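Reader: Please take one part of this model and go through it closely. I would like the charged pairs, with cut-offs stated.

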Amino acid sequence: VYGLGADATRSPAVKGIYTAKGRPSDNPLIVHVSDLTMLRKYLTPANITGTSAQDEDPIPEIYRPLIARFWPGPITILLRNPTPSRLAPEVTAGLPTFGCRMPASPLARTLIALADAPLAAPSANAATRPSPTAAGHVQHDLNGRIELILDGGSCAVGVESTVVDGLSDPPAVLRPGGVSIEQLRGVP
């Protein structure tokens, strides 16, 4: 679905999402990255710069098969937020974790890469309205509350991302979406 994006590292930008959507600020936002290099950066504490060849990959092992199979695509994974975090605190709504995904849309990934920052991006609709699958839906729903709409055409999936918590034991699906339970079960 269409997303309402803001720089996930800037508090004023993230607060603008909550205002535009009329969304409660205790409802965390999903962080969107352009590639795995960007994801790794935001899984590393803000006071650590660079990595060496022997550093362990900060992406939890349990997610690697899901990432290989479904990214870019409609699956969100729950990750631990490092301390100190590079993300604006409003993104996580005070939780020690954050949801992250790599969108399938080449337009969205290009925008994120050009911004050189992850985007906090819930669906681009008012909190009580259906998720938009076309730019016209966004215009109708958020007219006057946002500055710009990037029209990428109609969405191929039309439902939100599946949210997976691989940090819990056993792992859990927190929200069904674009990747089915059967598809998830087919991944080691």
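Author: Asp57 counts as partly exposed, because its relative accessibility is 24%. The class lies between buried, under 20% relative accessible area, and exposed, over 50% (1.4 Å probe, protein chains only). This is a predicted model: local features need pLDDT of at least 70, side-chain atom pairs count only at pLDDT 80 or more, and totals for chains, interfaces and linings use all residues. Residues are numbered from 1 along each chain as its sequence is written, and side-chain values use heavy atoms, with hydrogens and water left out.

Asp57 forms a salt bridge with Arg40, at 3.0 Å from N to O. This pair links distant parts of the chain, 17 residues apart: Arg40 sits in helix 2 (residues 36-42), Asp57 in the loop between helix 2 and helix 3 (64-70). Helices are DSSP runs of H or I with at least four residues, strands are runs of E with at least two, and both are numbered from the N terminus. A salt bridge here is a side-chain nitrogen of Lys or Arg within 4 Å of a carboxyl oxygen of Asp or Glu. Arg40 is partly exposed because its relative accessibility is 31%.

Asp57 also meets Arg64 in a salt bridge, at 3.9 Å from N to O. Arg64 has 29% relative accessibility, so Arg64 counts as partly exposed.

Another salt bridge joins Asp141 and Arg129, at 3.0 Å from N to O. Asp141 lies in helix 6 (residues 135-142), and Arg129 in the loop between strand 5 (119-120) and helix 6, twelve residues apart. Asp141 is buried because its relative accessibility is 11%. Arg129, at 39%, is partly exposed. Back at Asp57, shared partners join Arg40, Asp57, Glu61 and Arg64 into one salt-bridge network.
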